[in-house]
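Colleague: Walk me through this model, please. I will ask, you answer.

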Amino acid sequence: MFEPSAQITSLLTAIAVNESAAAGMRAMMQREQEFPSPTQARLTGIALDPSGRAYADEVLDTAWSDERRQQELLSAERPTREVIIGSGFHAATYAAVRVLSGHPKPLVLERTERVGGSFAMTTRPVFYLNSRNRAGGAGLSGDQGTSLNYLPGAPIQAANVSMAEYQTNTDMAFVIRLALAQFADVVPTATVRSVTPVYPGVELEIEGKAPLIAGRVIDARGLGDPTDQDLANGATILTYPQFMHRMAGMWPLRGARRVAVIGGGDSAKCAVESCLGIAPQPSMAAVALDQVDRVDWYTNDLPTTCDQWRQDIRGRYQAIGRYLRPDRFGVRRLTVLPRRAQPVALPGAGLIDGRTYDLVVVCTGNQETDIDRLDLGDFYEYTTADGIVVAREHYELPAFRVGPHARLPFTARERADGIADIAANAVSMFRTAPKTAALAATLPNLTPN
Ligand SMILES: Cc1cc2nc3c(=O)[nH]c(=O)nc-3n(C[C@H](O)[C@H](O)[C@H](O)COP(=O)(O)OP(=O)(O)OC[C@H]3O[C@@H](n4cnc5c(N)ncnc54)[C@H](O)[C@@H]3O)c2cc1C
């Protein structure tokens, strides 16, 4: 149980006085006794009502973009404060558990304008998560009765924001953003360039802003930017984030009759789903106008036939498999081509192996964003008292890496439970969130010297 923060209180007030945005919140008050607190009932009502949620998102963005507030946060002389780099799921987890464990609010620095990390890359829903929507507390994937998308300490959980089997990126983003509004001070458009020692803490160099002194850094910068960015031209050849931004815009598949997708991971699968019409509905797109006739999928990692697909691929992505065989009119829309492709940008088209495409989506993985002195090699594995590796600690600086880019090894239990058999689980929230929470709950307070 917690008191709503000033930012959450003003969010609730702003919604209450906006007739069209307040309907969900008011309706949910009829079920208030089913929630741990009236605040959680109100936030759930807002999340479940599209106009309430859209307005809440606007209110949060306006508050975070306020320049005077940003200036105050950045200029405050607080050498014992904790600064988190990045504003995604793991930043929110760390901040929530830290504050609920009795420590001061951390300051979160986010390089983009939009707070919330990878799931907040668009304001409209564009992809489905691959972890099933279940109610319950945090827990491993095979542990029924626990939630896979659980954000420890968050004001409301992903299971509160929709009852869909698989939720959208923006469902999860809303949970993350509310947690940050409750438990952190956040400054967007603040790119951290380097971190250097200044006794007894560190100095952060922030692009275009004055340096900032901190007592501890939590490096939650996530998986980073797409590899092969240099192949993309932003028009006919797009990276995965560029493609998803396009999917969030008006009639995103206009003119895209022939599409190639390169790569075999979850991002590529989500891009293929968008082209086949089995991802979240895009804005103002209709099959009469925007049907993708043919998707060529260049990857060495995936089955090429429908039968093989059904056997080898996990439940979340099963629906893609049926497009690998012709429909009853003999039309086959999806072909997996088992080879690596290198697209060439032509005027108005992308070229692969002599075939032209209206659109090529390059989903070949991510590479870390650079922060001077915070390279992976500067960190070693950090364990809690029970011997579990929960983060990485810097050899010299008071800095910790959390989340997927901490590259945490699978535990013996995760191996025994089969979690380690699925490579994508290495970066799954249900695996990394409890570890970030354990770090936040156990690190000592920073005391002034
Ligand atoms: C497209 C996609 C879909 C995914 N789907 C799932 C899923 O369904 N289920 C699941 O369990 N996992 C999923 N994952 C895995 C995912 O990586 C993690 O679960 C989670 O999103 C990572 O959260 P994070 O907070 O560590 O990083 P992110 O959410 O990526 O947030 C990191 C933030 O740091 C910011 N940043 C980076 N560098 C700097 C800098 N120098 N200065 C300031 N800010 C910086 C970035 O802009 C970003 O906002 C997905 C990952 C991606 C990329």
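The questions below go from overall fold to domains and ligand.

Modeller: This is a predicted model: local features need pLDDT of at least 70, side-chain atom pairs count only at pLDDT 80 or more, and totals for chains, interfaces and linings use all residues. Residues are numbered from 1 along each chain as its sequence is written.

Colleague: What radius of gyration does the protein chain have?

Modeller: The radius is taken over C-alpha atoms, and the globule rule is 2.2 Å times the number of residues to the power 0.38. For 449 residues, a compact globule would come near 22 Å, so the chain agrees with the rule at 22 Å.

Colleague: What share of the residues counts as buried?

Modeller: Buried means 20 or more other C-beta atoms, placed from the backbone, within 10 Å of the residue's own. Of the 449 residues in the protein chain, the buried share is 44%.

Colleague: How many Å separate the centres of domain 1 and domain 2?

Modeller: Bounds come from an automatic or database domain assignment. Domain 1 covers 66-224 + 370-442, and domain 2 covers 227-367. Taken over C-alpha atoms, their centres are separated by 30 Å.

Colleague: Which helix gives the largest share of the shell around the ligand?

Modeller: The shell holds 31 residues, with Gly-86, Gly-88, Gly-117, Gly-222 and Gly-403 the closest. A residue is near if its C-beta atom, placed from the backbone, lies within 6 Å of the molecule. Helices are DSSP runs (H or I, at least four residues), numbered from the N terminus. Three shell residues, the largest share, come from residues 89-100, helix α6.

Key. Buried ≥ 20, exposed ≤ 12 C-beta atoms within 10 Å, placed from the backbone. Helix = DSSP H or I, 4+ residues; strand = E, 2+ residues; numbered from the N terminus.
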